[in-house]
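Let us walk through this model one step at a time.

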Amino acid sequence: MSRRGLAAVSSVLDQAASSATNILVLVLAARLSSASGFADFSMVYVTFSVLLGLNMAYVGQTVVLEKDEGRLGAVCRSGPAFTAAASAAAGATLAVVGAALPGDGGRGFLALGLVLPLVLVQDGLRYCFSALRTPERALAADALRLVCVVAALLLQPEGASAGRLVLVWGVSALPALALGLWLLRPYVRGARTDLRPYLRRGHLGQRFVVEFAVGNGSSQLAVLGLGVFATPLAVGALRGATTLFGPLNVLFNSANAFGPPVVGRASGKRGVVRLTVLMGAVLAVLGAGWAAALYALPADLGRRLLGETWAAASALLPATGAQYAVMGLGTCALLTLRVLNPRATLSLQVVFSLLSVALLLGGYAVWGVSGAAWGLAAGSALKAAAAWLRVSRTPAPAGAVTTAA
């Protein structure tokens, strides 16, 4: 296998390991906790997920966009250092809030505050390895993280409190953090730590944080809006159909996390576009093929996957499959813009995320839950078309991408 092929496989496997970690943590916590205990744990974990996304947007995305080979060592030293400092400040705030809150929920937030720097720095190292084009090192650290967290949670007694589970989950990141730092050390030895770019006005991560907030906020708004107008069955059907496409989310996340350094090596705009069009076509075919495979599943097997939700969710597979097919094209269009002109993506994300919400609600109002699903597909298709149109009008970059204005 070629070096590029090995990097692509390692990137996908690393994203799969990270996704499996998140899924298994929730499954094991649910099995160990009471209903109220798992509710407390879930609130803490949602908070962590938001902070993780913010760190990915502010630090991770700017790290993987670095093209200057001479600066990679300094960037890969400074990025984790900023994450450590920022997460320590956020963790201290969470600890104070947790100590003031009553009950086990408060102790859960207190525990999150104590372990937040460990888990955020460990996760953030993958972006450094991506920028250095050594994703197999990220895979080694994240695979160890998966093994350690599963083993640690399996050792916990039934009925364990949310605070205890959060503390065990966080401390179990230590071996993977140590391995990741050791694997990173040869690339950052002698490099200088500089946190000033992350504090400057105009730092590129500020735009990516807004994109993250808009994207996540609009999806939450869509769910809340549909919950107001629709029946619980409609909401469950949409969630169930989307859940079935989890493996494709792994591929999309891999493209976003590890794609920029690979695509950035292509020669000129034409080389970048040729590569991302190929990637988008592959993702689109995989999305359509996955939808066809799910649609062909026997009803008995489908019910084993989603229980009573299968009947309603399976009816939405054509629409959701179409959505994921065009999402593959849209993901690669946005990836192209990230490489050619990172500042061009914010307006697209804002306009078309809000448009997707409007199409979802409008589709439901006219054609019910099927209309809502097709509304999401239409929103994704329009976003992909607009992104590729922006690519066609974007001039070739004159120099390396920088992370500050």
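Of the 27 residues in the largest nonpolar core, F41, F48, L112 and W169 touch the most other members. A nonpolar core is a set of buried Ala, Val, Leu, Ile, Met, Phe, Trp, Tyr and Cys residues joined through side-chain atoms within 4.5 Å. Buried means under 20% relative accessible area, exposed over 50%, and partly exposed in between (1.4 Å probe, protein chains only). The elements giving two or more residues to this core are α1 (3–32), α2 (35–64), α4 (103–131), α5 (135–154) and α6 (162–171). With seven residues, α4 gives the most. Helices are DSSP runs (H or I, at least four residues), numbered from the N terminus.

This is a predicted model: local features need pLDDT of at least 70, side-chain atom pairs count only at pLDDT 80 or more, and totals for chains, interfaces and linings use all residues. Residues are numbered from 1 along each chain as its sequence is written, and side-chain values use heavy atoms, with hydrogens and water left out.

Now take L112. Leaving aside neighbours within four places in sequence, L112 is in contact (heavy atoms within 4.5 Å) with V44, T47, F48, L94, V166 and W169.

Next, how do α4 and α5 pack? Their angle is about 155 degrees, and their axes are 7 Å apart. Axes are lines fitted to C-alpha atoms over the stretch in contact, and angles run from 0 to 180 degrees between N-to-C directions. The two helices are therefore roughly antiparallel, the word for angles over 145 degrees.

In the loop between α4 and α5 lies R133. Its relative accessibility is 23%, so R133 counts as partly exposed.

Key. Parallel < 35°, antiparallel > 145°, perpendicular 65-115°, else oblique.
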